[in-house]
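This report describes one protein chain for a reader who is new to structures. Look at the sequence and the model first, then read on.

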Amino acid sequence: MSQKQAQSLPASRRKDVKYIFDHYASGADSLHAGGLLRFLQMEQAEPGADDAMAENLIDKYEIDETERKSRMMTFPGFLRYMESRDCSVLNQEHTRVYQDMGRPLCHYFISSSHNTYLTADQLVGKSHLFAYESALRKGCRCLEIDCWDGPDLEPIVYHGYTLTSKILFRDVISTIAEHAFQVSPYPVILSLENHCHLPQQQVMAQYITTILGDRLLDAGLDLSSSAELPSPQQKGKVKVAVELSNLVIYTKSVKFVSFSHSRESQRFYENTSLGEKKAHKLALKSGPEFVLHNARFISRIYPAGSRTLSSNYNPQEFWNMGSQLVALNFQSLGLPMDLNNARFRDNGGCGYVLKPHFLRSHEATFDPSALPPDLKPVQVLMKVISGSNLPISKAGKPIDPYVRVEITGVPSDCRRIQSEPVKHNSLSPKWDASMNFTVGVPELALIRFTVRDHGLRPANDFMGQYTLPFTSMKKGHVELDLRASVCVTQHKEQNSQGMKAHGKVS
């Protein structure tokens, strides 16, 4: 097969990429390193793009040895580059830990699970050790363990007074010990809901200390010299959040009374837990006070007891307040978990994300419902271009795909725009849909891309999604994978300085 024939195969399904290639190759069959450099500078806005970067990309993605030695890139090589992680919508710098990890624990959003032991609903669902392994592999750093008296002085874990199955407490601790630090080296917090009597509490303490060993944080705080929580820098340690003897060190649980009571009486190492309904009322009534509270203390938000099917609330409302432990049912797929996965996709997926400065300051008056005038909004101009290899319907028929782009953040930033559908084309739909957004608080915003089938009822039209932090979007021509591919072009302008971006959604 000739080079021209080889190029025609991928070119036929990615005409949008071929158009870019032809432009920077000036109509030639191959793209010279200089043309690739111009593309990196003009379209990708790559910081520090130079001849060496262009030549490195040729070495990495061009498989034709003759072209590679000539510092040239064929279209198949260019397409490999465009569909690689180097052109992912997620800024690859954010796939590693890059934030300051030396601040107090209350300065971070911490990936948190509710009823971690459950794999299904809260009435008859199964409890399983795999649920703990799965949560830890997703970067979760706060696990819940509901502990009850079991037979033969063996504490058990399950959802009390229900028909959910039971697992042994000692097996839970063993599973956590095995998997706690395989994905992230940063501390794991164990939130123990203790219903055990004293003899079995003593057994629990014995299992925690003997099984976790030197992975258990056992160095107490020096209250005479310390006035704030330590940082997550103490890697490879497990912290216990329950009144279980001397094991509780950094996160002693206390009852929330009021914000004024907390200011006067709560110690910096004490944390409070709030149900979603009470937390929602506080957010509506006293948003700025809630923010200031969370600048000083750790607060945990958990789903309402009425969510018997283990559904989830929208976590964004409580991130807007600066709540650190916004706990969700990890076993329940859907929008809330998509948002949670996106929030903690940042900072290397380590489970700790540094809160914006206005949620950390003890003097801040940030109110998510009434933005201060000194915040400078970001204008986003985006063009959803095309898709490729989208799934067909369950009936085996081509879909009528369209793309919806949504911003989730403070209330004034929440907005959605969607393209027009393309009839009966799941292989290579083309939308060329321009979308404009104004984002007032980009540090809290998430951007969500979904592909939907216009031929189905709205409740069933979902085909796939990709969500990421707004500040983690890479500039330039980028792509994202929703198990298929959709191409999107974005142009971002921030504070009147133009920044180009081009993206692919799936």
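**Overall picture**

The model is predicted. Its secondary structure comes to 14 helices and 24 strands. Of the 506 residues in the protein, 56% are buried. Contacts between residues at least 6 apart in sequence join residues at least 24 apart in 69% of cases. The accessible surface is about 22200 Å², and carbon and sulfur atoms account for 51% of that area.

**Nonpolar cores**

The largest nonpolar core has 60 residues, and Ile145, Phe169 and Leu190 have the most contacts inside it. Helix H9 gives the most to this core, namely six residues. Domain 2 (105–359) and domain 3 (378–505) each supply at least three residues to this core. Another core, of 30 residues, lies apart from it and includes Ile447, Tyr466, Leu468 and Val478.

**Helices H7 and H8**

Helix H8 covers residues 169–179, and its buried residues are Phe169, Val172, Ile173, Thr175, Ile176, Ala177 and His179. These buried residues pack against helix H7 (129–137), helix H9 (198–212) and the strands S5 (142–148), S6 (156–157), S7 (167–168) and S8 (188–194). In an α-helix there are 3.6 residues a turn, so residues three or four places apart point the same way.

In H7, the buried residues include Ala131, Tyr132, Ser134, Ala135 and Leu136. Their cover includes H8 as well as strands S5, S6, S7 and S8. Just after H7, Gly139 has a positive phi of about 90°.

**Loop residues**

Most residues other than glycine have a negative phi. Ala45 is not a glycine, yet its phi is positive, at about 50°. Ala45 sits in the loop between helix H3 (33–42) and helix H4 (51–61). Ser310 is not a glycine either, and its phi is positive, at about 65°. Ser310 belongs to the loop between strand S12 (299–302) and helix H13 (316–320). Is each of these residues buried or partly exposed? Ala45 is partly exposed, with a relative accessible area of 29%, while Ser310 is buried, at 0% relative accessibility.

Leu163 lies in the loop between S6 and S7. Leu163 is exposed because its relative accessible area is 68%, and the cut-off for exposed is over 50%. With Leu123 and Val124, Leu163 makes a nonpolar surface patch of about 320 Å².

**Salt bridges**

Side chains of opposite charge can pair when their charged atoms come close. The structure holds 22 salt bridges. Three of them are listed here.

| Glu83 | Arg14 | 3.0 Å |

Glu83 lies in the loop between helix H6 (75–82) and strand S3 (108–110), and Arg14 in the loop between helix H1 (3–13) and helix H2 (15–24), so their pair ties together parts 69 residues apart in sequence. Glu83 is partly exposed, with a relative accessible area of 33%, but Arg14 is buried, at 1%. Arg14 and Glu83 are also linked with Asp16 and Glu479 in a network of salt bridges.

Glu46, in the loop between H3 and H4, and Lys474, in the loop between strand S20 (462–469) and strand S21 (476–477), are 428 residues apart. Both Glu46 and Lys474 are buried. In the remaining pair of the table, Asp100 is partly exposed at 40% relative accessibility, and Arg103 is partly exposed at 30%.

Methods: Residues are numbered from 1 along each chain as its sequence is written. This is a predicted model: local features need pLDDT of at least 70, side-chain atom pairs count only at pLDDT 80 or more; totals for chains, interfaces and linings use all residues. Side-chain values use heavy atoms; hydrogens and water are left out. Buried means under 20% relative accessible area, exposed over 50%, partly exposed in between (1.4 Å probe, protein chains only). Helices (H or I, at least four residues) and strands (E, at least two) are DSSP runs, numbered from the N terminus. Contact means heavy atoms within 4.5 Å. A nonpolar core is a set of buried Ala, Val, Leu, Ile, Met, Phe, Trp, Tyr and Cys residues joined through side-chain atoms within 4.5 Å. Domain bounds come from an automatic or database domain assignment. Patches are made of residues with over 30% relative accessible area and no salt bridge: like charges are joined within 9 Å, nonpolar side chains (Val, Leu, Ile, Met, Phe, Trp, Tyr) within 5 Å. Accessible areas come from the Shrake-Rupley method with a 1.4 Å probe; for residues, only the protein chains shown count as cover. A salt bridge is a side-chain nitrogen of Lys or Arg within 4 Å of a carboxyl oxygen of Asp or Glu.
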